[in-house]
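Let's take a walk through this structure together, one stop at a time. Have the sequence and the 3D view ready.

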Amino acid sequence: MGRLAVRGNLIVDREVREDWFLICEDGVIVHAGPWRGEAADVRVTGGYVAPGYVDVHVHGAGACDVMDASETALARIAQTLAAHGVTGFLATTLTAGLRSLTEVLRTCRVLALRPSPGAALLGVHLEGPWIAPEYKGAQNPDFIVDPTLADARVLLWAAGGLLRIVTLAPERPGAGAVIGYLRSRGIRVSAGHTSATWEEMKEAARCGVSQVTHCFNAMRGFHHREPGVVGAAMMQGEWAVELIADGIHVHPGAMGLLYRVKGADHILLVSDAMRAADMPDGDYNLGGLAVTVRDGAARLPDGTLAGSTLMLDRAVQNMVLLCGVPVGEAVTMASEVPARAAGYGHRKGRLAVGYDADFVVLDQDLRVERTFIAGAEVQE
């Protein structure tokens, strides 16, 4: 891979460091500090050099879906994500039968062993089938089931070590045992698509839940006499919360409120993108359900939001433009925080010595100009 030197405004530890120098050797960062008078292979003027984005909740993009269970589809998703500054992602499933899920997991294992151009497949996020029917969102109700240890063992085996996050409804029968089982194996458990009460969320915390999936969406909302899932998410200071910052799923005012309560350290910007991302408006499908995209919003026939067409570069822009979040903190919510949630906090999500040389060059408006993975530029 050799050596690569980049000079510009580096985003390091949430701060914009003007005229700093990034040196990468053999895919690893060996220097991130003040310019040392050396020649640069890449000179960034007027923009930023940021850690590569990590999307821990993405179903698809570029007309492809994780549930296609196809290496070609996963590779297309990876290439599309890289064009938007994403250097690593968790392939996110939908509610489906056990056989379909195991097939998807096995396909992910193959791609993980045969890296293709584009964002790196860092693992899998299992969203469903252990969710609450009343908050199913755009998940197929035909396959919703209660969690069991038997099913958890099958899926964990099929994932072959790739399972990183599991979204479930912690109030469902059997959830406590499954949460404990997953946590004992180092898997992060996130509450989502859930009707849990405040008290049930407190119990979920005791069992090992440490995250909330797409906060505000597909969950019991906040009420002053029953704070519900949203209230618990805000009060549990150490919990991380996903946020779909497209201004459609969550009002910018609520986005800003979440930032003020949780801070950049505990917000994971996610896309929740489906196959229509980076594609024109039109008719698509999500987990066997018909979806129509109009003006970038994906909805079922009854008007229910069905994933998104958001990409993380736009999510970062929205947090800055709509909520007044400093650039360095917005970038952190799309890089360091999700990398930590995916179990890669020691290697990815920061411009720091010893970290993988995954970074993105942004213009002054935070639009992606170039994406680098392991020190090599990703070609579209």
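Before we set off, one definition: two residues are in contact when heavy atoms of theirs lie within 4.5 Å. Keep in mind, too, that this is a predicted model.

With that in hand, let's start at helix α4, which runs over residues 175–184. Its buried residues are Ala-175, Val-178, Ile-179, Tyr-181 and Leu-182. Around the helix axis they take up an arc of only 165°, which means they sit on the same side of α4. The general rule behind this is handy: an α-helix has 3.6 residues a turn, so residues three or four places apart point the same way. And what do the buried residues of α4 pack against? Their partners are α3 (149–159), β11 (163–168), β12 (188–191) and α5 (198–207). Just after α4 you come to Gly-186, with a positive phi of about 80°.

Next, let's look at some backbone details. Gly-128 and Pro-129 are joined by a cis peptide bond, with omega at about 15°. You'll find Pro-129 in the loop between β10 (120–127) and α3. Asp-26 isn't a glycine, yet it has a positive phi of about 50°. Look for Asp-26 in the loop between β2 (15–25) and β3 (28–34). With 56% relative accessibility, Asp-26 counts as exposed, because the cut-off for that is over 50%. Asp-278 is another non-glycine residue with a positive phi, here near 65°. Its loop runs between β15 (267–269) and β16 (282–286). At a relative accessible area of 45%, Asp-278 is partly exposed.

Now for the cysteines. A disulfide is a covalent bond between the sulfur atoms of two cysteines. How many disulfides does the structure hold? The count is zero. As for Cys-207, the nearest cysteine sulfur is that of Cys-215, 20 Å away, and Cys-207 is in no disulfide. Cys-207 is partly exposed, with 25% relative accessibility.

Our last stop comes from a record. An unreviewed UniProt entry carries the annotation "binding site" for Ala-138, Asn-217, Ala-218, Arg-225, His-249, Leu-305, Ala-306 and Gly-307. These residues span 170 residues in sequence, and the farthest two C-alpha atoms are 30.0 Å apart, so they do not all gather at one spot. Which of these residues does the lining of the second largest pocket include? Ala-138, Asn-217, Ala-218, His-249, Leu-305, Ala-306 and Gly-307 are in that lining.

Let's zoom in on two of the annotated residues. Ala-306 lies in the loop between β18 (297–299) and α8 (312–323), and Gly-307 lies in the loop between β18 and α8 as well. Is Ala-306 buried or exposed? Ala-306 is buried, with a relative accessible area of 0%. Gly-307 is buried too, at 12%. Leaving out residues up to four places away in sequence, Ala-306 touches Ala-138, Met-274, Leu-286, Val-291, Ala-298, Arg-299 and Leu-300. On the same terms, Gly-307 touches His-249, Asp-272, Met-274, Leu-286 and Ala-298.

How values were computed:
Residues numbered from 1 in each chain as written. Predicted model: local features only at pLDDT ≥ 70, side-chain atom pairs only at ≥ 80, totals over all residues. Heavy atoms only, no water. UniProt positions renumbered as here; feature names shortened; annotations may be inferred. 1 Å grid on protein atoms, 1.4 Å probe; cavity = no way out; pocket = protein on both sides within 12 Å on 5 of 7 lines; lining within 4 Å. Helix = DSSP H or I, 4+ residues; strand = E, 2+ residues; numbered from the N terminus. Buried < 20%, exposed > 50% of the residue type's maximum accessible area, 1.4 Å probe, protein only. Disulfide = S-S within 2.5 Å. Arc of directions from axis to C-beta.
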